[in-house]
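These are my notebook entries on a two-chain structure. I record what I looked up, entry by entry.

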Amino acid sequence: MGLSMLAPEYRVDRDKERCIDCKVCVTQCPYDVHYFDGDEEKVFAREENCVNCHRCVVLCPTRALIIRKYPLELRENSAWKEIDIRQLQKQAETGGILLSGMGNPKPLPVYWDKILLNASQVTNPSIDPLREPMELKTFLGSKPERLEIGCDGSVKTKIAPQLELSAPVMFTAMSFGSISLNACRVLAEAAHDLGIYYNTGEGGLHQSLYEFADNTIVQVASGRFGVNSEYLKTGAGIEIKIGQGAKPGIGGHLPGEKVREEVAATRMIPLGTDAISPAPHHDIYSIEDLRQLIFALKEASDYEKPVSVKIAAVHNVAAIASGIARAGADIITIDGFRGGTGAAPTRIRDNVGIPIEFAISAVDNRLKDEGIRNQVSVVAAGSIRNSADIVKAVALGADAVYIGTAALLAMGCHLCRKCYMGKCSWGIATQQPHLVKRLNPEIGRERLVNLVTGWKHEIKEILGGMGINAVDSLRGNRHMLRGVDLNSRELDILGIKAAGE
Amino acid sequence: MKVLDAHKLSYKELNDMIKEEAPREKEIHIKNVRGQRYIGGTLNQGCTLYLDGVPGNDLASFMNGAHIVVSGNAQDGVGNTMNGGEIVIHGHGGDIMGYAMRGGEIYVKTEVGYRVGIHMKEFGDQVPKLIIGGSAGNFLGEYMAGGVIIVLGISYSPEDSIGSFCGTGMHGGRIYIRGEVPDYKFGKEVKEVPLEEEDYRLLEAKIKKYCRHFDYSMEEIDLKDFHKYVPKGSRPYGNLYAY
């Protein structure tokens, strides 16, 4: 291949007055951008390698660095935008499938931002959560249709296994392999501290994390990496991964270079081989087959763990969710089209799936219409950015949410979206030892606990403002939501009124 | 030896009984097995189940070292994600036998269905092995990441002993097939390599076991007739992406 026709994406502006040539940027950059020229005795940049991860910007002791978007003033064209041209040229150079990291960045509507919350004024007093009890406790699992109470007040009905959360939020599936062991440890420890759960993803459970088993949901995906009876019996819950919001309908390839000793041992595969998860589970070609796997897992875990089934939000999500409930799942996890990923084919990530907001209301409606809403809990994932998004998700009908990107941001991720390169400068999406140690698990844990603690306070404030004192009273309570800038069809599907109605 | 009767029992009732008995019984004989699923699931080393009849899907799923002998045929998903142990089937097996199997051995007297040995893997000392006496359906060893599959093709021509797309997506392990099978039957990720001394040792040991299990004469099988197939590389999709 001759000369690359790709211009740099970013420009490294180095303030020569401030730069002291200390070479911190050189040692910190895993993408070989900064280099020290011994003859000139100066630091220079190979801008074409820059991914704008901001590691050098943050660590530069004299604040000498600014990364800017490269001023690529191509002739204006509404149809052929810069990104289209860049992607096309990259494929012309490589002949490969375009890869992307993290969630869909395209300017499609974010429906969370078109939904507004209610608050009490005069007729129903608001509640001050600082002085009055406010319950965020959430139980995930199948609920009985009716409760039988004995004369002594004890519950006689046998209750299916439940996950108990201190607030309706959990850390979503991210495998050891896609993220570093330090990042997994941060999730596990923070989940433990917060009284919630994290999810192993398809990477197996590292021996050092078995101590957090009570806060662990273990995942079973099509590659069955790291899955054995001990793994299934160890987790507090089991999740069958059918799909992921960022890449509905396709599998995953963890490249061999990330399969180092610890990853290989945890996934129980040889060193350096690609870890390939086929697109489907080849033992599941129907709802009946799904039922077979759900009960294989229940048999394997002595019916002591709730079993979740995770799907991507796709067109017929409501009917699929109904099938999953009838197949015997205790929890349905739905991942919206903005959901994150370590690596996904760009065209799939950017074009497949539906927004999670619609999926939640469609699924909640369908399960209620069929009278089976109590049989399953619904967990929503994919683009939950803050506490208000959580409140909106619960009011639309979710029991709880999963966060992934938000948790990584708390650890230090700067959303440069190059996770698939395995060189994460913040020590999160990498297996290179010198990069992994950049993420201090203690500090990461504290930051993540801080984030969720702050959100808990905010959720209580929002609930109190609505005059509600328990998250249970918010679930599916769409009266608390109003839409702005939405057409009547969208309002109908979301099951909410327009602002002013 | 404990004798259980599976007649009219649901899989849960039957498996609860097995789970209770297995830790203290060396042998459990189960009569009238009629399609109950998950028999022997997660069962540990130290117990042998003798099944009279036809066990249902997912026989020995996640099994951990126990032995199972099936007097009749088996259905789909035998040894699903099995970790160790041995299964002997005195008939034929269904689809996806040995899916993601990580350890142990499965011997099948006659045929098996589609996608058998899919995503079999190996790790350290755990090298799973599937020994098929008759023929296998399409996609044998698909996505295979480790382990051993041996097809004897007894009463089949070599061409008919496997289906199409054998070893497609294969990136680990090895497949031995008796007789010359035309190239069109294989996936594009597979290549044939000559057998070496250790291959013959492995074949001899496993085929001897097959003959013992099913009372077949070792003299009928000439080890020199076997062909060995391995993946072209451990990273079949390494060049698929534009980084």
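**Entry 1: pairing between the chains.** The model is a predicted one, in which local features need pLDDT of at least 70 and side-chain atom pairs count only at pLDDT 80 or more, whereas totals for chains, interfaces and linings use all residues. Residues are numbered from 1 along each chain as its sequence is written, and chains are lettered from A and ligands numbered from 1 in the order in which they are written. I then noted that β5 of chain A (residues 97–100) and β12(B) pair in the parallel sense, over 2 bridges. Strands here are DSSP runs of E of at least two residues, helices are runs of H or I of at least four, and both are numbered from the N terminus. Two strands pair if DSSP finds at least two bridges between them.

**Entry 2: the contact of the chains.** I looked up the residues on each side: chain B gives 37 and chain A gives 30. For such a contact, the C-beta atoms of two residues, placed from the backbone, lie within 7 Å. On the side of chain B that touches chain A, the elements giving two or more residues are β8 (145–151) and β12 (241–242) of chain B. By class, I recorded 14 nonpolar, 16 polar and 7 charged residues on that side of chain B. Nonpolar covers Ala, Val, Leu, Ile, Met, Phe, Trp, Tyr, Cys and Pro, charged covers Asp, Glu, Lys and Arg, and polar covers the others, Gly among them.

**Entry 3: domains of chain A.** I found chain A divided into domain 1 (10–96) and domain 2 (169–466), with bounds that come from an automatic or database domain assignment. The C-alpha centres of these two domains of chain A lie 33 Å apart. Their contact takes 10 residues from domain 1 and 8 residues from domain 2 of chain A. The side of domain 1 of chain A that touches domain 2 has 5 nonpolar, 4 polar and 1 charged residues.

**Entry 4: strands of chain A.** I looked up the closed barrel and found 8 strands of chain A in the order β9-β10-β11-β12-β15-β16-β18-β19, with parallel pairing. Within chain A, β16 (residues 331–335) and β18 (residues 377–381) run parallel and are joined by 5 bridges; A:Ile331 stands opposite A:Ser377 in β18(A).

I next examined an open sheet of 3 strands in chain A, ordered β6-β20-β21, with mixed pairing. Its edge strands, β6 (115–117) and β21 (497–498) of chain A, each pair on one side only. β6(A) runs antiparallel to β20 of chain A (residues 481–483), with 3 bridges joining them, and A:Ile115 has A:Gly483 as its bridge partner in β20(A).

I also noted β2 (residues 34–37) and β3 (residues 42–45) of chain A, which pair in the antiparallel sense over 4 bridges. The bridge partner of A:Phe36 in β3(A) is A:Val43. β2(A) and β3(A) form a hairpin with 4 residues between them, and A:Glu41 in the turn has a positive phi of about 55°.
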